[in-house]
Amino acid sequence: MLTPHSLRGRLRIASPFVFASVCLLALSVPAASQTPRVVVAAPEIRLSAADSAVDAGPVPVSQPLRLTLRLNPSADRTAALDQLLAAQITSSSPSYHQWLTPQQFAASYGATEDQIATATSWFQSQGLTVESVSPAKTWLVLSGTAAQVQRAFAVSLRNYAISGASYYANSDTPTMPRAVASLVAGVSGLSSIPSVATTSVSSVGVMGKATVLAVGASSADALSAAASAIDDNSSPILAISTSACSIDLTQADYDNYRALFRQASAQGITVLATSSCGARGSGSFPASLSEVTALTIAPTTATFAAIDPRPSWQSAAGLPTDGSRDEPDLTTSSLADFANAMVTILQQSGGRQGNINSTLYALAKTPDLYTQPDDAPAGTWEPATGLGTVNLQTLIKVYPRGVNGTTTTLTSSSNGSSVGYGTSVTLTATVSASTSASTGPTGTVTFSTASQGTIGTAALTNGTATLTVGNLNVGTYLITAGYSGDSNYAASSGTTSVTVTTVTATVAATISPASNVPYGSTATVTATVSLPNSGAAPSGTVSAQIEGITGALYTATLSPNPGGNTATANINVNAPTPSTTPYTVQVTCAGNQNFQCQAPQNLTFTTAKGNTTTTISLSPAAPQAGQPVTITATVNNNGNGTGTYTFSGSITFVDTSTGKTLATVPVGTNQAATSQTLSGNVQHNIVATYSGDANWKGSTSTPQAVTPTLLPATVSLTANSSKTLAGVNVVFTATVYTTVTNTVGPTGTVTFYDTFNGSVVQLGVPSAVTPNGPNQSIAIFSTTGLQAGTHSVYAIYNGDANFSSATALPYSLMLSDFTLSMVPQTLTLQPGQTGQAVILAGLVGGFNGSVSLGCTPPSSSETTCSFNPVILTGGGSTTLTIVTTAPVVQTSHRGPGHSGPFGGWNAFAGSTLAVLVWFVTPRRRRMLPGVMLLLATVCLSSSIGCGRVKSSGSGGTTITDPGTPLGTQIYTITAAGSDGVNTVRHTYQYQVTIQ
């Protein structure tokens, strides 16, 4: 499948007419298959971006085809046509406006009868029929089958489907035998693929009637229609409206159109074409050919690519210096409007005008003829509008219609001698009529050169026009004076030569300041260049060179001073290193092709230490406390000198808020840096002071204020156990850390708090933190004084100069314990009695361990105490038994008070009472230890004893052992609770009264 870009490489599709220049035709032409063949240039047909071509197979060999061949005239006939075309628009020439018929063109400039006969013979030998020869003998029309065409031109013809339509084209480059190719300039008809742009061709008659000859996308149809109109020669104007660009065609197409329109010009036919390639760029076609007047309807600034050299008549201010035929020529409301105006001019002048471009440019400075949108001076050419928007009524009025010839001669005041640059030269143009008339020529004369275009215009007075110029550069000029013509006299031109030579300029200079110029700044050299005896100011550059310093060369461009022959430039010269010895500056002017400079000027000046500025920057600009901050000081030249400077010495960094010198660092090139850690929540004012060196003065920066933000701290709290016994040592560890990388760790204190039974209490005094690895510190608090129950302990880090305060999440701690209670709370015994108390174990905070019990009696109490059972598990009770000692007496007889009347009864009664209580108590209540406690109480109360008391009377009694001493005895009870891991001990005191 073919695309717009692949078509070139995959198909060779002939454009309407394809040209080739080859060697001469031999008298005898061998068969095509036996002779060398040469390529016939085959321009491609370019498809639009939306098109593609699909190969639909070969063209049937019997398909009839019609081809058009353009004949190639001889070189001498082509040169003769060049001379004719120039003479036809030169009023002083005998051939001025002497137009040809197609037959006259054929006789002098078309193919010869021999050429036509030879070509006809060869094509007939290939089976092709020569149907006709154009009147100007420039075309042959051939017919034949596809098979005959393919054999004659050695091509393969194939069908292509493009956008739903069927076309044929040659898929390779056509060739012809070398011997016959010299007769053929191009071939048309090998392809039916349309071109990209739509083209309309119309002929305009002398009465203004426009006849549309062809409208469509076929370039072949457009050119064929134009060729038919030119050969018919019935209309004086050919109007072509198209959006085609020069990129749509190739050199063969350019040559084909150019040859056709050269024939039109020779026949006096004016060819008009729209310059409307537009945004697609390049040049318009065929408007960019020299034989065509390029008219723009919608001005555009699109890229232009010329295809013709600039003709002599295209001369105007503003034209590019590319030496090319530029378009458009002018701007008009429509192609039809301009064509109608030309019809009026033709009617009034009584004849054809041929190529009108030389006249349109000769009239460029006519007042009110051309207008530019930016109000540029008359006669100025601009890329978008050409000479400007044409006033058609003015054009009809001023267009020269004269048939009387004129001769223009041009002389200069230099009389053939050379003049120095800037010397004024007066040009005098004299216009003479070739025939007598009642009035002489009127109008204007335009003076121009090939290199500079129009250099001025002057009105013709009594046949003479003068212009004084003083701005011609050095060189030899062929100056042309072009007379515009009027209603009676035709335009003409004359030339003269002027030579401008080089002159010598003088230089005067001063320097400021001239002493103690700081290194790194500049001194200004003011140089004035003068040209002697000149009406022009010098241009170019002047230079100032500091002697003895490599690279110390400075230049500036001269600016002309008003109303004189001088120009001035100010040159800024960089001051060298400090020196009390003067430096020498040599000032010269460069000169150019117009003048030369001699005798340079020498100036002197001295220099001193340069001024500096010191600035500082911080990275990061908004640091956090404790984070390393890079402080960079930069020293720069505090002058206006250009170039790179190097500084030595040192930079001292000071924190003026604390008065602390942070660092002193050597300068490398022009910078010094230090890394510092700054405390947070405090504004630091950093100042950098440059010490200066042998070339530079010192300087101090403005303070750079920075307040580092405190680092975020995090506190985590742990303990050696989350569940243990009250009284066991609990160790809390608060870890203070930060996730920000820095060079310091947290300092300060941590305070521990305990929330217990709804109240918050502080645990001890604040604990200092100690380092514990990078960016981390710890604080430890231990205690054995926490009560049993649930505790919620938390820690608060109080912050420091670098870190913010922080609070840890609460740490939950469960402590368990036990308590002992005694029933009764005290005992009263007599010596020798035994007493018991019930000890109850109470559980606190979920204690579920075991309690081991022990009892210690008072010393010298002659008592014992014991528990049964000794160990309690999961709570419960035990019995404490205390045994006292009765006094021991010896008697010789028993007295009446041995035992008292109820001595034996006391023991009996007590026992009996206990038994009674047992039996009267309901069975469901006979539960130990309650009943036991009751019995013990009964036994131990009142005067009913449950033990044995030894007593003796007074008579004849001796006490050998006093027994347990009377009074209050304190018994020490120890209890050790264990949960299997930890042990907690409690001590109780139990009071027994002996009486």
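Author: In this predicted model, residues 24 or more positions apart account for 67% of the contacts with a separation of 6 or more. The secondary structure comprises 13 helices and 63 strands.

Reader: How many of the 995 residues count as buried?

Author: The share is 47%. The protein exposes about 44,100 Å², of which carbon and sulfur atoms supply 53%.

Reader: In which order do the three strands of the open sheet lie?

Author: The order is 18-20-23, with antiparallel pairing. Strand 18 (406-412) and strand 23 (464-469) each have a single partner strand and stand at the edges, so one side of each lacks a neighbour in the sheet. From one strand to the next, the twist averages 15°.

Reader: How many bridges pair strand 18 with strand 20?

Author: Seven bridges join strand 18 to strand 20 (residues 425-433) in the antiparallel sense. As to individual residues, Leu410 has Ala429 of strand 20 as its bridge partner.

Reader: Let us turn to a helix. What is the general idea?

Author: An α-helix has 3.6 residues a turn, so residues three or four places apart point the same way. In the present case, helix 8 (residues 251-266) has 16 residues and reaches 22 Å from its first C-alpha to its last, close to the 22 Å expected at 1.5 Å a residue.

Reader: Is helix 8 mostly covered or mostly uncovered?

Author: Helix 8 is mostly covered, with 14 of its 16 residues buried. Gly268, which follows helix 8, has a positive phi, near 85°.

Reader: How many disulfides does a search of the whole structure find?

Author: A disulfide is a covalent bond between the sulfur atoms of two cysteines. The search finds two. One of them joins Cys589 to Cys597, with an S to S distance of 1.1 Å. The torsion about its S-S bond is about -85°, so this disulfide is left-handed.

Reader: Why does Cys589 count as buried, and why does Cys597 count as partly exposed?

Author: Cys589 counts as buried because its relative accessibility is 7%, under the 20% cut-off. Cys597, at 22%, counts as partly exposed.

Reader: What is the S-S torsion of Cys855 and Cys865?

Author: The torsion is about -105°, so this disulfide is left-handed. The pair links Cys855 in strand 56 (residues 850-856) to Cys865 in strand 57 (residues 864-868), ten residues apart. Their sulfur atoms are 2.1 Å apart. Cys855 is buried, with a relative accessible area of 17%, and Cys865 counts as buried at 13% relative accessibility.

How values were computed: Residues are numbered from 1 along each chain as its sequence is written. This is a predicted model: local features need pLDDT of at least 70, side-chain atom pairs count only at pLDDT 80 or more; totals for chains, interfaces and linings use all residues. Side-chain values use heavy atoms; hydrogens and water are left out. Helices (H or I, at least four residues) and strands (E, at least two) are DSSP runs, numbered from the N terminus. Buried means under 20% relative accessible area, exposed over 50%, partly exposed in between (1.4 Å probe, protein chains only). Contact means heavy atoms within 4.5 Å. Accessible areas come from the Shrake-Rupley method with a 1.4 Å probe; for residues, only the protein chains shown count as cover. Two strands pair if DSSP finds at least two bridges between them. Axes are lines fitted to C-alpha atoms, for helices over the stretch in contact, and angles run from 0 to 180 degrees between N-to-C directions. The expected span of a helix is 1.5 Å times one less than its number of residues. A disulfide is a pair of cysteine sulfur atoms within 2.5 Å.
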